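Work through the exercises below with the sequence and the 3D view at hand. Try each task before reading its solution.

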Amino acid sequence: MGRSAAKPPGGDARQRQGRRAGTLGKLTSVQTLTHADPFVVAGVQLRSRLFLGTGKYTSDEAMLAALEASGCELVTVALRRLDLDHPDKKTILDVIDWSRYRILPNTAGCRTAEEAIRIARLARSMGLSDWVKLEVIPDPRYLFPDPEETLKAARVLVGEGFQVLPYINADPVLARKLEELGTVTVMPLGSPIGSGQGLQTLEQIRIIVDEARVPVVVDAGIGVPSDAALAMELGADAVLVNTAVAMAKDPALMAEAIRGGVEAGRKAYLAGRMPKRGEASPSSPTEGVSRPS
């Protein structure tokens, strides 16, 4: 489906694209003390390994402060939460500075592949992006994604030229199938959306990371910076966080803290942790030490 002249809610699509394109090409990658560490998704180098959601904030000001503190570049927006019936009404798309952040439309709220495909096509016709975070969630209580419908939607969207970032259960077999279809990431959950339970699927994520040849983004369940750090220590390429930041007493401070967790975890992964031992091992040498005669 090609782009149309339709205007996004609250403004002109081409004007938005111009604002978005203004400085993204000038961004530099995050670098450790001793290692250049580029992060590339769908051929695009991103400056941050922390993606941030835009739901549940108490105000636009709180959200913008959190985005600033997080250092993120990729920001997810649920199109179904926009008032598309009133195109002149100001929306979150008008609040976010497109020259600083890359908008990632998501299909949150879609219960079937057909609904998700329609929302993705709508995003592209509005001039938002060919990138889409694919969510197909029919379960209203636990919000687990539907693997069959996700696979079905991904097959169609990849065929139409979308860069698909699918949200999935931590299922290594499904992750492999999606990668083989041509998705540009896989995004396994750590625990149910908004639960803050941390990485309950740690071993499955470890397998996905080990087998994947596309970036692995841990999505959902992260509650505190140590959860984000652990995901990165496992070798995940990035994490996506929303509720942990938006529902914190101080969202900006939590965003800054999770940013630190992501960066520390990535550096630890690159450094390579020491092996675990069943016994103690002295940190000082025992040879050549003077002893009482």
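**Exercise 1.** Is Phe-51 buried or exposed?

Solution. The model is predicted, so local features need pLDDT of at least 70 and side-chain atom pairs count only at pLDDT 80 or more, while totals for chains, interfaces and linings use all residues. Residues are numbered from 1 along each chain as its sequence is written, and side-chain values use heavy atoms, with hydrogens and water left out.

Step 1: take the cut-offs. Buried means under 20% relative accessible area, exposed over 50%, and partly exposed in between (1.4 Å probe, protein chains only).

Step 2: apply them. Phe-51 has a relative accessibility of 1%, so Phe-51 counts as buried.

**Exercise 2.** Find the aromatic pairs and describe each one.

Solution. Step 1: state the rule. Rings of Phe, Tyr and Trp (its six-membered ring) pair if their centres lie within 6.5 Å; planes under 30 degrees apart count as stacked, over 60 as edge-to-face and the rest as tilted.

Step 1: search the whole structure. The search gives 2 aromatic pairs.

Step 2: take the pair of Phe-39 and Phe-51. Their centres are 6.2 Å apart and the planes make 25 degrees, a stacked arrangement. Phe-39 belongs to strand β1 (residues 39–41) and Phe-51 to strand β3 (residues 50–53), so the pair ties together parts that are 12 residues apart in sequence. Strands here are DSSP runs of E with at least two residues, helices are runs of H or I with at least four, and both are numbered from the N terminus. Phe-39 is buried, at a relative accessible area of 3%.

Step 3: take the pair of Tyr-142 and Phe-144. With centres 6.2 Å apart and planes at 20 degrees, this pair is stacked. Tyr-142 is partly exposed at 42% relative accessible area, and Phe-144 is partly exposed at 34%.

**Exercise 3.** Which rings have the charged end of Arg-102 or Arg-124 over them?

Solution. Step 1: state the test. A charge sits over a ring if NZ of Lys or CZ of Arg is within 6 Å of the ring centre and within 35 degrees of the ring normal.

Step 1: name the rings. Arg-102 has its charged end over the ring of Trp-131, at 5.1 Å from the centre. For Arg-124 the ring is that of Phe-162, and the distance to the centre is 3.8 Å.

**Exercise 4.** Which residues have the most contacts inside the largest nonpolar core?

Solution. Step 1: define the core. A nonpolar core is a set of buried Ala, Val, Leu, Ile, Met, Phe, Trp, Tyr and Cys residues joined through side-chain atoms within 4.5 Å.

Step 1: read off the residues. The largest core has 66 residues, and Leu-52, Leu-93, Ile-96, Val-239 and Val-241 have the most contacts inside it. Helix α4 (residues 113–125) gives the most to this core, namely 6 residues.

Step 2: look at the other core. A second, separate core has 13 residues, among them Phe-51, Leu-104, Val-217 and Ala-238.

Step 3: follow one residue. Contact means heavy atoms within 4.5 Å. Leaving out residues up to four places away in sequence, Leu-52 touches several residues, including Tyr-57, Cys-72 and Val-241. Cys-72 is itself buried, with a relative accessible area of 1%.

**Exercise 5.** Which residues of helix α8 are buried, and what covers them?

Solution. Step 1: list the residues. In α8 (residues 225–233), the buried residues include Asp-227, Ala-228, Ala-229, Ala-231 and Met-232.

Step 1: find the cover. It includes β9 (217–219), β10 (238–241) and α10 (251–271).

Step 2: examine Ala-228. Its relative accessibility is 0%, which counts as buried. Not counting residues up to four places away in sequence, Ala-228 touches Ile-222, Val-239, Ile-258, Gly-261 and Val-262.

Step 3: look past the helix. Just after α8, Gly-235 takes a positive phi of about 110 degrees.

**Exercise 6.** Where are Ala-42 and Lys-56 found?

Solution. Ala-42 is in the loop between β1 and β2 (44–46). Its phi is positive, about 55 degrees, although Ala-42 is not a glycine.

Step 1: Lys-56 lies in the loop between β3 and α2 (60–70). Lys-56 has a positive phi near 75 degrees, and this residue is other than glycine. Lys-56 is partly exposed, at 48% relative accessible area.
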